[in-house]
Amino acid sequence: MLQLFLIAFRNLGTHRKRTLLLGGAIASVTALLVILMGLSTGMKESMLRSATTLSTGHVNVAGFYKVTAGQAAPVVTGYPAILEQIRKDVPELDFAVQRGRGWLKLVSETSSMQVGVGGIDVRSEPGLRQVLQLRAGSLDALTEPNTVLLFEKQAKKLDVRVGESVTLAAQTLRGASNTVDARVVAIAADMGMLSDFGIFVPSDTLRSLYQFKADTTGALLLYLKDLDQVPVVHARLRQTLAAAGHTVMDHDPRAFFMKFETVNREAWTGQRLDITNWEDEISFITWTLTALNSLTGVLIFVLMVIIGVGIMNTLWIAIRERTREIGTLRAIGMQRTRVLLMFVFEALLLGLLGTLAGAAVGLTVCLAVNASAVHVPEVVAVFIMSDTLNLAVHASSILGAMAFITACTTAISLIPSFLAARLKPVTAMHHIG
């Protein structure tokens, strides 16, 4: 077997120009696949990091409360008891936070805008400190009542700075208008679409604005030790909370603000819980990942077809050039299986060397892009939730890409290799002679 590998390696070295051309094509496809996988994974990680900071946990226990059948509010009443139940039912839990939810009008002296609002206890929000990049002010100031954190675009549109005041205006659950004057204590760097339409205030400020009780919140955001456990925990909570006497809504894989129309049409009142995961809450923008993955698949398929044709043609030429050699090898006793393996090993070595070189190039490009902190256009930043391009490449992804392309090139070589093995010694030598 080692002898066949050595023969295959010698044959690749003998025809350097052909080997470099085809190996370069394989390396190019591998590098492109590594870069595209890095882009897709980077976008997913950026989305996950941003989304699970700004609007969602890994798993969320939220819900709607209806005073009348046609008017729903995104709140959970009596949340301390529910949180206690969750801690018992979810050993995979790392930590949990409660977040108020609402929609209000934000007014400054020069402008106004509609935004979503999150009510937080900043002391129990380790994720915010790790992810938010402050341009001015301090997160610790959000422990004070009637304060607000804005993002750069919002501060620019409202023409406000840290220390200045804005007015929060909203309707309470019973339809009355209410306002709160809040002092801007922090301005954070933009984080894409979710930060364009969201602000943070202390939980007590949000409750005061909407006139909620102290045991009322918008959602319980659950962060797990292992992200892979999300489906298991999601399904378990639906069962355990229902068994504990709570009414749990049917699973609807959409963000909570997209469910109001459906919920308002349903003829019920009171509290119902809605259990979602992070993918549900950002489903309105994950189509970008689906589109990128689909484009990657189509592009790699087309390139693999081109590479496949190239490999087959190359092996056809090699077989014609080496018909005499094949005949001689068969005449001295080499079995058809060994002739077949000789050509398959040649394609295998070509695939391994080409993918190794391509993976190295792709990895280098990804590392260079990350080190350069390449800024993306605003329209792109909206979807990837980051103002810089992040290419996340993992060893398993690189090895998977190499294995896939090497397997394809080896499989493509089977047809010409099989035909070469079927050559009869007399026919082969007569063809040359």
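1. β4 is the largest contributor to the lining of the largest pocket, giving 5 residues. Strands here are DSSP runs of E with at least two residues, and helices are runs of H or I with at least four, numbered from the N terminus. A pocket is an open set of points on a 1 Å grid over the protein atoms alone, where a 1.4 Å probe fits, with protein on both sides within 12 Å along at least five of seven lines; lining residues have an atom within 4 Å of a point.

2. This is a predicted model, in which local features need pLDDT of at least 70 and side-chain atom pairs pLDDT 80 or more, while totals for chains, interfaces and linings use all residues. Residues are numbered from 1 along each chain, and side-chain values use heavy atoms, without hydrogens and water.

3. The largest pocket has a volume of about 920 Å³, a volume being the space filled by probe spheres set on grid points joined across faces, edges and corners. Its lining holds 38 residues, with R101, G102, W103, G116 and F256 nearest the centre. Elements giving two or more residues include β2 (71-73), β5 (112-120) and α9 (260-265). By class, the lining has 22 nonpolar, 13 polar and 3 charged residues.

4. The second largest pocket has a volume of about 340 Å³. Of its 15 lining residues, L173, R174, Q211, F212 and K213 are closest to the centre.

5. The chain is divided into domain 1 (1-51 + 284-430) and domain 2 (58-278), with bounds from an automatic or database domain assignment. Their centres, taken over C-alpha atoms, are 47 Å apart.

Conventions. Nonpolar A, V, L, I, M, F, W, Y, C, P; charged D, E, K, R; others polar.
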